[in-house]
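Please keep the sequence and the structure in view while reading.

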Amino acid sequence: MSNRLYLASLEPRAGRSLVTLGIMELLTRRLGSVGYVRPVVPSSRVPDQRIELMRRRYGLDLAPKDMAVFGSDQVAELFGEGRGDEVFKGILDVAQEMEQRFPFVLYDGSDYTGAAAALEFDVNAQIANHLGAPVLAVVNGAERMPSEVLDALHIARESLVGEGCTIAAIVINRVDPAVSDEVRAAVEAEGGEEPVWVLPEVPMLARPTVREIVDELAADQLAGSVADLDREVTAIKIAAMSLPNVLDHIEEGALIITPGDRPDVIAGTLLARTASTFPNVAALMLTGGFPLHRNLEKLLDGLGEISLPLLSVGTDTWTTARRVADVPAVMRPGNERKIETALGVFEEHVDTEVLEQRIEVARTARVTPLMFEYELLQRARADRRRIVLPEGEDERILRATEVLRRRNVVDLVLLGDLEQVRARADAAGVDLEGIELIDPSETDLVEDFAAEYTELRSHKGVTMEFSLETMLDVSYFGTMMVHRGMADGMVSGAAHTTQHTIRPAFEIIRTKEGVSIVSSVFFMALSDRVLVYGDCAVNPEPDAEGLADIAISSATTAAAFGIEPKIAMLSYSTGESGQGRAVERVRDATALVRERRPDLEVEGPIQYDAAIDAGVGAAKLPGSSVAGHATVFIFPDLNTGNNTYKAVQRSSGAVAIGPVLQGLNKPVNDLSRGCLVDDIVNTVTITAVQAQQE
């Protein structure tokens, strides 16, 4: 079985970062930990951005210098002196060390942009052969007609075979979307020994962000949010005309460049950014190093928070514009929009199962947080569900929506004031194409929903008038969509309390038959496994019946997500050693679980150390199949559970995914009001997988 793969292209600008990222994601989810080496980087003197991206995204405990063997300048010099063998020996030395540390190593070949560009194809082919690594070739399809793309494919295949390389697969990247189907059909008609995949050009990946321009030009940021720097620049506009004529030429995503002593253009652009009648420009860059006039500073203060980066550089306008035009589009760590878009394109167009077979990747028994999250995405994609998000005006929800859309995970519905939703999406540079938007106050569904709510709550004396008002609440409206089958699940809580999120579910969706209480679990993704903690969010002090219910529901949830349930009913004592009301409650709950679900493995009362540590478990409960091997941990009360999950999360670096509600007839899940975009993405994905079980 191969434990290495060499990534190579025959020319520059083939979009290698996208392909590298996709392969690293695939390998990491299978193996947990993957090594990454660039045998030849463009320069030995400049840090390599792709190395930094892989190192940070995949948590590689490697120094950048250990991941870059030679610079292109060093390779050119060594070959020029007739010492080319030293290049190969140096790379093989690094490879040997790396392959002792990692179960698989991806070798990312050179980019044809350095001093040794003329040598690089031969060097890459020889490195792959010396390593004994199969090659995944990347062909540049940008700005080529179908016949030209096929010619490039033939040249790549023949060149690599001619050098004696083993081709694992070929990716034709950056193909014009207008001809990608034609290229794909032509490739399939030709056939071939190795699989060939066609990836379309994605314009945003070829555009620099405002942040990349700021870094390249060492610009100062005078105003605007740091988060707004991640917006892509679609055009460069030099504002040298009078203000009315400048406003005629601004366009969505443009970078406006103007001298710093043009207060009319500065003020007009700032006001245009706040007006709904003009496109949203990406940033305003002031040239010449002029200080901002005090009245413009006063204007900025009066505008409050404005989502337009105001930048300043010392160079003149012409020099600035030329330097901006030369800024390359680089996929940097932290630019989640580009990363998620790239992964979405790779996963949509590359058959990853076939690729795994071609490079003979075996699955590890370990489960890392990234592996667990990736498996969730794969499961959600396999049977797409429709999830409603009531908090469509929250920027985090909007950014998560874009991630989920780009990764092709679920179908989404956003609720809220449509004007506000669109304005905030535009301000954040979020693309809502393909996302359904509903304003509860502007739809005929409210009356229909209100009539059903009145019927459902008639025993509480609810009137139609009250119901009409209630259905204008986004949480109630979203819950009714789930109840009526117009959505498969709901996620809320980024801007609402837990009670506001789950009360409508209790009233409308209600609990499953045989379940007495709604409870919650967290998936605790540790460095090498995933555990289930319950209940850490809903029930303050459940009785024995409630604890048993929580345990059975948690075991069902664990099994639904591929975790074999071994239930530990936690207490401050283990086995028969302790007495008292709290211990007896756990003991009674354990007996109820065994009575109701004799098929489940359960132990209790048991202390946490005996449940998780095999040595302690064997000493305290010899012969127990759960002690030391528990996967589902049931806490005796909310105080213990909530504090424990947070302690484990903060002290061990575990990823806590949840809370995931269980026991309802249809899935509704709650977010923390401090949630991050990744938390929202994970919770929506889990909700979709839950909906698949219904």
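## Residue classes and the model

In this report, Ala, Val, Leu, Ile, Met, Phe, Trp, Tyr, Cys and Pro count as nonpolar, Asp, Glu, Lys and Arg count as charged, and the others, Gly among them, count as polar. The model described here is a predicted one.

Three cavities of 30 Å³ or more are found when the whole structure is searched. The volume of the largest cavity is about 60 Å³.

The lining of this largest cavity is formed by 13 residues, and those nearest its centre are Ala227, Asp228, Arg231, Ala427 and Ala428. Sorted by class, the lining of the largest cavity consists of six nonpolar, one polar and six charged residues.

## The second largest pocket

The second largest pocket holds about 1,200 Å³ of space. Its lining is made up of 40 residues, with Arg13, Arg50, Pro328, Ala329 and Val330 lying nearest its centre. Two or more lining residues are given by each of the elements α1, β2 (35-41), α2 and β6 (167-175).

Helix α1 supplies three residues, the largest share of the lining of the second largest pocket. By class, the lining of this pocket is divided into 19 nonpolar, seven polar and 14 charged residues.

## Helices α1 and α2

Two packed helices are described by the angle between their axes and the distance between the axes. Helix α1 spans residues 16-31 and helix α2 spans residues 49-57; their axes come within 11 Å and cross at roughly 25°. Angles under 35 degrees count as roughly parallel, and α1 and α2 are therefore roughly parallel to each other. The crossing in which α1 passes α2 is right-handed.

On the side of α1, the contact is made by Arg16, Ser17, Thr20, Leu21, Met24 and Glu25, while α2 contributes Arg50, Leu53, Met54 and Arg57. Four of the residues in the contact of α1 with α2 are nonpolar, two are polar and four are charged.

## Helices α19 and α21

The contact is made by Leu445, Val446, Phe449, Glu452, Tyr453 and Leu456 of α19, together with Tyr476, Phe477, Met480, Met481 and His483 of α21. By class, nine residues of the contact of α19 with α21 are nonpolar, one is polar and one is charged.

## Backbone features

Two cis peptide bonds may be noted. One runs from glycine 534 to aspartate 535, with omega near -15°; aspartate 535 is located in the loop between β18 (530-534) and α23 (544-560). Another cis peptide bond joins glycine 604 to proline 605, with omega near -5°. Proline 605 has its place in strand β20, which covers residues 601-606.

Arginine 174, a residue other than glycine, has a positive phi value, near 65°. This arginine lies in strand β6, an element that also gives two or more residues to the lining of the second largest pocket.

Technical notes:
Residues are numbered from 1 along each chain as its sequence is written. This is a predicted model: local features need pLDDT of at least 70, side-chain atom pairs count only at pLDDT 80 or more; totals for chains, interfaces and linings use all residues. Side-chain values use heavy atoms; hydrogens and water are left out. Axes are lines fitted to C-alpha atoms, for helices over the stretch in contact, and angles run from 0 to 180 degrees between N-to-C directions. Helices (H or I, at least four residues) and strands (E, at least two) are DSSP runs, numbered from the N terminus. Angles under 35 degrees count as roughly parallel, over 145 as roughly antiparallel, 65 to 115 as roughly perpendicular and the rest as oblique. A crossing is left-handed if the near helix is turned anticlockwise from the far one by less than a right angle, and right-handed if clockwise. Contact means heavy atoms within 4.5 Å. On a 1 Å grid over the protein atoms alone, a cavity is a set of points where a 1.4 Å probe fits but cannot get out, and a pocket is an open set with protein on both sides within 12 Å along at least five of seven lines; lining residues have an atom within 4 Å of a point. Grid points are joined across faces, edges and corners, and a volume is the space filled by probe spheres set on the points.
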